[in-house]
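Keep the 3D view open while reading.

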Amino acid sequence: MTGGTDGVGKEIARAMARRGARLIIVGRDAEKGARAQQEIRAFSGNKDVDFVQADLSLMRQTRRLGDEVAKGWPAMHYLVHSAGVVRGRHLVTAEGIESNFATNYLSRFMLTVRLLPALQAAGQPGKPARIVMVAHPGFEGTIHYDDVNLTTNFAMIRAFKQFHYANDVFAVELARRLTVSAQRPSVTISCLHPGPTKRISTAKCRYG
Ligand SMILES: NC(=O)c1ccc[n+]([C@@H]2O[C@H](COP(=O)([O-])OP(=O)(O)OC[C@H]3O[C@@H](n4cnc5c(N)ncnc54)[C@H](OP(=O)(O)O)[C@@H]3O)[C@@H](O)[C@H]2O)c1
């Protein structure tokens, strides 16, 4: 569960933990992650909640996270991508990638590819493992293949539309490939748009 330390991801993590799932939550900040881990454990009574620190704007760290998780968890039933951030200024990571694109799309792509074997090991036709992208629809989005980093014409809205559209294209194409190789795939991928959300206290939260 990337983004399991806050917001939508943390709420999903709480619900999953309550249902008895073994969970790994991922975030950048070690202290915040440890707090979220304790909070989810206390709320759910489930001790099987781990935290792994990784900055998903960096592909080196995303790769390390994928390898670590794949090694420790060779069979996985869910991969939830909820980590996300929208930066209004043009920031290029130490690896030379525009940070919105790196965090919100490229890391999702890389982590999915790295963890697909673990998902395929756990999923079965009729009871597939699931990849869920917490996202926003990429309406009217474009991938600026000639300048993915938006160096010449950066605007927050262009960055936003580009990474959401890239996620949609990735999800649709991966879904197609998963169903081409098997009529009843052992892994499915879907995009979830939560709509505008606001923080609510745990006491008011109801889980289905
Ligand atoms: N909230 C809404 O109204 C809404 C509406 C539509 C779609 N969405 C989508 O839902 C997703 C979650 O949004 P949210 O509102 O829950 O956000 P949020 O409350 O700000 O939480 C963002 C989460 O992402 C993690 N994160 C951010 N940058 C990261 C990085 N570089 N590396 C690792 N983790 C990182 C944060 O962890 P740390 O702080 O610990 O690093 C945190 O757990 C986003 O993809 C967003 O586009 C949200």
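Two residues are in contact if their C-beta atoms, placed from the backbone, lie within 7 Å. The model is predicted.

**The three-stranded sheet**

Three strands form an open sheet in the order β3-β4-β5, with parallel pairing. β3 (78–81) and β5 (187–192) are the edge strands, and each pairs on one side only. On average, neighbouring strands of this sheet are turned by 10° against each other, direction ignored. Strands of a sheet pair through backbone hydrogen bonds, either parallel or antiparallel.

**Helices on this sheet**

Which strands does helix α4 lie across? Helix α4 (residues 99–122) lies across β3, β4 and β5. Its direction runs at about 160° to β4. Helix α5 (residues 156–181) also packs on the sheet, where α5 touches β4 and β5. The direction of α5 makes about 155° with that of β5.

**The β-α-β unit**

β1, helix α2 (residues 30–44) and β2 make up a β-α-β unit. Is this unit right-handed or left-handed? The unit is right-handed.

**Parallel pairs**

| Strand | Partner | Sense | Bridges |
|---|---|---|---|
| β1 (residues 23–27) | β2 (residues 49–53) | parallel | five bridges |
| β4 (residues 129–134) | β5 | parallel | six bridges |

Val26 stands opposite Val52 in β2. Arg130 has Thr188 in β5 as its bridge partner.

Definitions and conventions. Residues are numbered from 1 along each chain as its sequence is written. This is a predicted model: local features need pLDDT of at least 70, side-chain atom pairs count only at pLDDT 80 or more; totals for chains, interfaces and linings use all residues. Two strands pair if DSSP finds at least two bridges between them. Helices (H or I, at least four residues) and strands (E, at least two) are DSSP runs, numbered from the N terminus. A crossover is right-handed if, with the strands pointing away from the viewer, the path from the first strand over the helix to the second runs clockwise. Axes are lines fitted to C-alpha atoms, for helices over the stretch in contact, and angles run from 0 to 180 degrees between N-to-C directions.
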